[in-house]
Amino acid sequence: MKTTIYDVAEKAGVSISTVSRVINNTGRISAKTKKRVLEVIEQLGYQPSVVASALTGKRTRTIGLIIPDVANPFFAAVARRVEDRGRELGFNLLMCNTDNNPETEDMYLTLLKQKSVDGIIIGTTTRNHRVLKELLQENLPVALIAQDIPELTIDVVSVDDYLGGYQAASHLVSLGHKRIAILLGNMNRTSDKYRLQAFRQVLEDNGLELEEDLVIRTDYSLEDGKRAARELLTSPKRPTAIFACFDFLAIGVYQAAKELGLHIPDDVSVVGFDNTILASIVDPPLTTIAQPIDEMGRQVMDLLVREIEGDKKTKQRVILPPELIIRQSTKAIP
């Protein structure tokens, strides 16, 4: 027979409410009593029912995280940092991978609500604002990471994408490059839009024209980055440099260049964005724009937990600065 909270209370010689306070880490309980209850919980192998807690209006100590692609090292790193911070604060994490599919995203949002999670962190494009608005109207704490939806009043932690795009383009222009291509996602993320705006601005400020055939949209995958890069690198007017708006896309450029017998940075300079583990292990190491992933994960979890705990009433938009990391994938035009 499954062990119940009544069994724990009886064996520990305390009330059911005392066991509940120990489990939820609430109220004032002596260290001796808490130690005794925890020992009994371990002895009996008691596991509190999350569903039962939700039904009684208690917190489940669970937070949902929705990301577009766990195979992308950036989102894998985000998930790890969010999970680590959540554990430090006493919360478990349910991670949902959408594979950039909006239907899957909607399904997970509904599922997490049904699971009575205490809050949700979203790192996807969230095209269906209706579902998100419903969650906010129901006062379910929700926060965004690495993206923004300006028209919604919601907690956001992201990097300054405009500044990052400006840094990348400025670096390539400073090296003498004039024909520079840019690889983007499908423009559903605000990050794509801001990085492209900055890229255009730098070229305009330096009297350079951005030809539309050098603005390539992808589906965010490594394979699509490779396809797009191959298209660029085999064109009659091949660019001398490529700004890939995600490290994942930059690796696609590396693969395409290798298959075509081209060398980075001698034949084409490459700049990425994210500074994931990939940037330091590829050959040559990738020049990229670093996102402060650890800080982003920590801050988004802190904002969400503060709202869950009732410690804050207003929404915050936290925009963190990026950093240009220069490695060996870029060089000056002779």
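In strand 9, A241 has S269 as its bridge partner. A241 belongs to strand 8 (residues 241-244), which pairs with strand 9 in the parallel sense over 3 bridges. Two strands count as paired if DSSP finds at least two bridges between them. Helices (H or I, at least four residues) and strands (E, at least two) are DSSP runs, numbered from the N terminus. The model is predicted: local features need pLDDT of at least 70, side-chain atom pairs count only at pLDDT 80 or more, and totals for chains, interfaces and linings use all residues. Residues are numbered from 1 along each chain as its sequence is written, and side-chain values use heavy atoms, with hydrogens and water left out.

From strand 8 the chain passes through helix 11 (residues 247-259) to strand 9, a right-handed β-α-β crossover. Right-handed means that, with the strands pointing away from the viewer, the path from the first strand over the helix to the second runs clockwise. Strand 9 also runs parallel to strand 10 (residues 287-290), joined by 4 bridges. Here D274 stands opposite A290 of strand 10. In strand 9 (residues 269-274), 6 of the 6 residues are buried, so the strand is largely enclosed by the rest of the structure. Buried means under 20% relative accessible area, exposed over 50%, and partly exposed in between (1.4 Å probe, protein chains only). S269, V271 and F273 point one way, while V270, G272 and D274 point the other way.

A further sheet is open and holds 6 strands in the order 2-1-3-4-5-11, with parallel pairing. Strand 2 (92-97) and strand 11 (317-320) stand at the edges with a single partner strand each, so one side of each is left without a neighbour in the sheet. The twist averages 15 degrees from one strand to the next. Angles run from 0 to 180 degrees between N-to-C directions, and axes are lines fitted to C-alpha atoms, for helices over the stretch in contact. Strand 5 (residues 155-159) and strand 11 are joined by 4 bridges. V156 stands opposite R317 in strand 11.

Contact means heavy atoms within 4.5 Å. Helix 5 (residues 73-88) touches strand 1 (62-67), strand 2, strand 3 (119-122) and strand 4 (142-145). Its direction makes about 160 degrees with that of strand 2. Helix 13 (residues 293-308) touches strand 1, strand 2, strand 3, strand 4, strand 5 and strand 11. The direction of helix 13 makes about 175 degrees with that of strand 5.

Strand 1 and strand 2 run parallel, joined by 6 bridges. T62 has N92 as its bridge partner in strand 2. Strand 1, helix 5 and strand 2 make a right-handed β-α-β unit.

Helix 6 (residues 102-114) has 13 residues. From first C-alpha to last, helix 6 reaches 19 Å, close to the 18 Å expected at 1.5 Å a residue. The expected span is 1.5 Å times one less than the number of residues. E105, L109 and L112 are the buried residues of helix 6. They cover an arc of only 70 degrees around the axis, which puts them on the same side of the helix. The arc is that of the directions from the helix axis to the C-beta atoms. E103 and Q114 are exposed on the other side. The buried residues pack against strand 1, strand 2, strand 3 and helix 7 (129-137).

D213 lies in the loop between helix 9 (190-205) and strand 7 (215-217). At 47% relative accessibility, D213 is partly exposed.
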